[in-house]
Amino acid sequence: SETDDTRTFETDFYFGYFVINHLTVGLKTNIKTSNTIQSWNIVTSNNKIIYNDISFGPLIRYYTNPGIFFEGSAAFGFIKSVNFNNSANWKNNSFTGGVGYSLFIAKSVAIEPEIKYTHTNWPKYVDEGSKETIDGLNLSLGCQIYLSFKKQVHIDK
């Protein structure tokens, strides 16, 4: 019998700019690291697998007046897997669409629950002839910090 113990750390960074009212265009980066230890009861053997994944790509968000936003993004990334003394590298791409809500807890800080649909594709997963695709719906909770670089102008009369 086989058991897996997996520990994962993942974070997203969004950098956007309001090009017009309610519309943000920017860059999204994702960094993920995962460590899995596989154990077999038949043989007292362990296998450690480490995945490191980084991806980046364009992001667009449209905010409506009551705080609802619609988001779309594409990402292109690289994965490195280390298993025993072997290592492998893959490229991936993904497309995400979602809807969320910005709940401001301070003037420029918002908690944002979001429902997203993601399609991820690994064109050459193990070798030239193989391919893997994952589609999924997920719920995320994020914290956004909105920075303003506008200078306030005071007109003396």
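User: Let's start with Ser73. Which strand is Ser73 found in?

Analyst: Ser73 is found in strand β4. Keep in mind that this is a predicted model.

User: Is Ser73 buried or exposed, and how do I read that?

Analyst: Buried means under 20% relative accessible area, exposed over 50%. Ser73 has a relative accessible area of 11%, so Ser73 is buried. Leaving aside residues up to four places away in sequence, Ser73 touches Lys28, Pro58, Leu59, Ser94, Phe95 and Thr96.

User: And Leu139, buried or exposed?

Analyst: With a relative accessible area of 65%, Leu139 is exposed. Leu139 sits in strand β8 and is one of the residues making a nonpolar surface patch of about 1,100 Å², along with others including Tyr62, Phe70 and Tyr117. Strands β4, β5, β7 and β8 each give two or more residues to that patch.

User: Now salt bridges. How many are there?

Analyst: The idea is a side-chain nitrogen of Lys or Arg within 4 Å of a carboxyl oxygen of Asp or Glu. The count here comes to four. Take Arg61 and Glu71, whose side chains meet at 2.6 Å, N to O. Arg61 lies in strand β3 and Glu71 in strand β4, so the pair ties together parts 10 residues apart in sequence.

User: Which strand does Glu112 bring in as a partner of Arg61?

Analyst: Arg61 and Glu112 form a salt bridge, with the closest N and O atoms 2.9 Å apart. Glu112 is in strand β7, 51 residues from Arg61. Arg61 is buried, and so is Glu112. Glu114, also in strand β7, is 53 residues from Arg61; that salt bridge has its closest N and O atoms 4.0 Å apart. Through shared partners, Arg61, Glu71, Glu112, Glu114 and Lys116 join into one network.

Definitions and conventions:
Residues are numbered from 1 along each chain as its sequence is written. This is a predicted model: local features need pLDDT of at least 70, side-chain atom pairs count only at pLDDT 80 or more; totals for chains, interfaces and linings use all residues. Side-chain values use heavy atoms; hydrogens and water are left out. Patches are made of residues with over 30% relative accessible area and no salt bridge: like charges are joined within 9 Å, nonpolar side chains (Val, Leu, Ile, Met, Phe, Trp, Tyr) within 5 Å. Accessible areas come from the Shrake-Rupley method with a 1.4 Å probe; for residues, only the protein chains shown count as cover. Helices (H or I, at least four residues) and strands (E, at least two) are DSSP runs, numbered from the N terminus. Buried means under 20% relative accessible area, exposed over 50%, partly exposed in between (1.4 Å probe, protein chains only). Contact means heavy atoms within 4.5 Å.
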